[in-house]
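Here is a briefing on one protein model. Look through the sequence and the structure first, then read the points below.

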Amino acid sequence: MTPDLMEAGAKALEAHRAKVEQEVTSGDRGASFGRVLHGAEPDFAHGVALYLDDITVSFDGFRALNALSLAVNVGELRCIIGPNGAGKTTMMDVITGKTRPDAGTASFGSNIDLLRLRENEIAQIGIGRKFQKPTVYEQLSVFENLELALKADRRARASLFSRLSGVQLDRIGEILQLIHLLPDAQRTAGLLSHGQKQWLEIGMLLMQDPKLLLLDEPVAGMTDEETERTAELFLSLEGQHSLVVVEHDMKFVDQLTEGRKTVTVLHEGSVLAEGLLSDVQANEKVVEVYLGR
C-alpha cells in the first residue's frame, strides 16, 4: 500500500460519505453491515463449518428442497453442481436466512442454529454471500467500495467522524492485491469490466472476514483469463475460509477441485451424488439428469 494510494483513498471517500450513508445503513446491502451479535461465535471444534439436515422447502406444492442433507468442513472448498431447478439457490437462501424451511435443521459450527437468526445476524456471525450478478457501488472508487465494506461501526455518527487506521489501510491494500485490483484502486467501480466487478464484490465480502463464503456462479460472463485468475483466488482462500461454490462451468469446477476435492450434485432438491469430479462425471444418474450423454 503506497502513501499516495492511502491518502487519495481517504480523501476520495470523504466527498462521497454523506451521499452513500443512507444506502449503506438501510438498503439491502446494509444488512451485511448491521449490528454485531455479542457472544455468537461458531464452535468449529468438530471440524464442521456448515451442517444441513433434512432441509425441506416447498413453494405452492413444489418441493424446491427435499430432505436435503449436506456437511461442509472447516476450510473446505466445496463445489455444488446440478441442473437448473435442482435447489442450489434455495439452499443458499436457507443458509443465509432469506428463506425459512418447512422442516430440517441448519447449523453453523456445532452451536449456532441458523434458523433462529435473521439475515443481517447471519452475515454478522461470519457467513458471506455473493450473488451471480455483481453488486457494487458503481459511483465510488474501488478503494471506497472496500472501505465501506470494512467490518466496523456504520452508524451515522461513527461514519462521519471515523478515519482509517494503519491496520485498516493495510487490510484494504492486501485485499486489492488479492483480487488483482491494486492498479485500479482509484478507478470508478462502474468503469470496471464484468469480471473485475465480480472480483471487487468478492473483495468486499473478504473485508468482512467471513468464515464461510457462498459463491453463486462467480465466473459467469468472465473471459478465460479472468476465470483462471478467479480459480487461483479461490484456491488461495481455501483453508483460511470455508467456500461453497455453485457453478455450471465444468472446466472451472475441474480447476477448483484439482481432482481431489469433493463435488456435490443436487437434483430435485436432494443430493444425487457426491465424490470426486471424475466419479460424479462417471455416475450414470448424473450423466442422465445433468451432464448429458
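**Helix 9 and its setting**

Helix 9 buries Phe252, Val253, Leu256 and Thr257. Buried means under 20% relative accessible area, exposed over 50% and partly exposed in between (1.4 Å probe, protein chains only). Viewed along the axis of helix 9, these buried residues fall within an arc of 125°, so they line one face of the helix. The arc is taken over the directions from the helix axis to the C-beta atoms.

This is a predicted model: local features need pLDDT of at least 70, side-chain atom pairs count only at pLDDT 80 or more, and totals for chains, interfaces and linings use all residues. Residues are numbered from 1 along each chain as its sequence is written, and side-chain values use heavy atoms, with hydrogens and water left out.

**Overall make-up**

- The protein chain has 11 helices and 10 strands. Helices (H or I, at least four residues) and strands (E, at least two) are DSSP runs, numbered from the N terminus.
- Of the 293 residues of the protein chain, 50% count as buried.
- Among contacts between residues at least 6 apart in sequence, 70% join residues at least 24 apart. Contact means heavy atoms within 4.5 Å.

- Six strands make an open sheet with mixed pairing, in the order 6-7-8-3-9-10. Two strands pair if DSSP finds at least two bridges between them.
- Strand 6 (127–130) and strand 10 (270–276) are the edges; each has a single partner strand, so one side of each is left without a neighbour in the sheet.
- Neighbouring strands are turned by 20° against each other on average, direction ignored. Axes are lines fitted to C-alpha atoms, for helices over the stretch in contact, and angles run from 0 to 180 degrees between N-to-C directions.
- Strand 6 pairs with strand 7 (residues 212–216) in the parallel sense, over four bridges.
- Ile127 has Leu212 of strand 7 as bridge partner. Arg129 has Leu214, also in strand 7.
- From strand 6, Ile127 and Arg129 point one way, while Gly128 and Lys130 point the other way; all are buried.

**Helices on the sheet**

- Helix 2 (residues 88–95) lies across strand 3 (77–81), strand 6, strand 7, strand 8 (242–246) and strand 9 (262–267). Helix 2 runs at about 150° to strand 7.
- Helix 9 (residues 250–257) packs on the sheet and touches strand 3, strand 8 and strand 9. The direction of helix 9 makes about 160° with that of strand 3.
- The buried residues of helix 9 pack against strand 3, strand 8 and strand 9, and also against helix 8 (224–237) and helix 10 (277–282).

**Helix 6 with helix 7**

- The axes of helix 6 (residues 166–178) and helix 7 (residues 194–207) come within 10 Å and cross at roughly 145°.
- Helix 6 supplies Arg171, Ile172, Ile175 and Leu178 to the contact; helix 7 supplies Gly203, Leu206 and Met207.
- By class, this contact has five nonpolar, one polar and one charged residues. Ala, Val, Leu, Ile, Met, Phe, Trp, Tyr, Cys and Pro count as nonpolar, Asp, Glu, Lys and Arg as charged, and the others, Gly among them, as polar.

**Val72**

- Val72 sits in strand 2 (residues 62–73). Its relative accessibility is 0%, so Val72 counts as buried.
- Val72 touches Val48, Ala49, Leu50, Arg78 and Val244, leaving out residues up to four places away in sequence.
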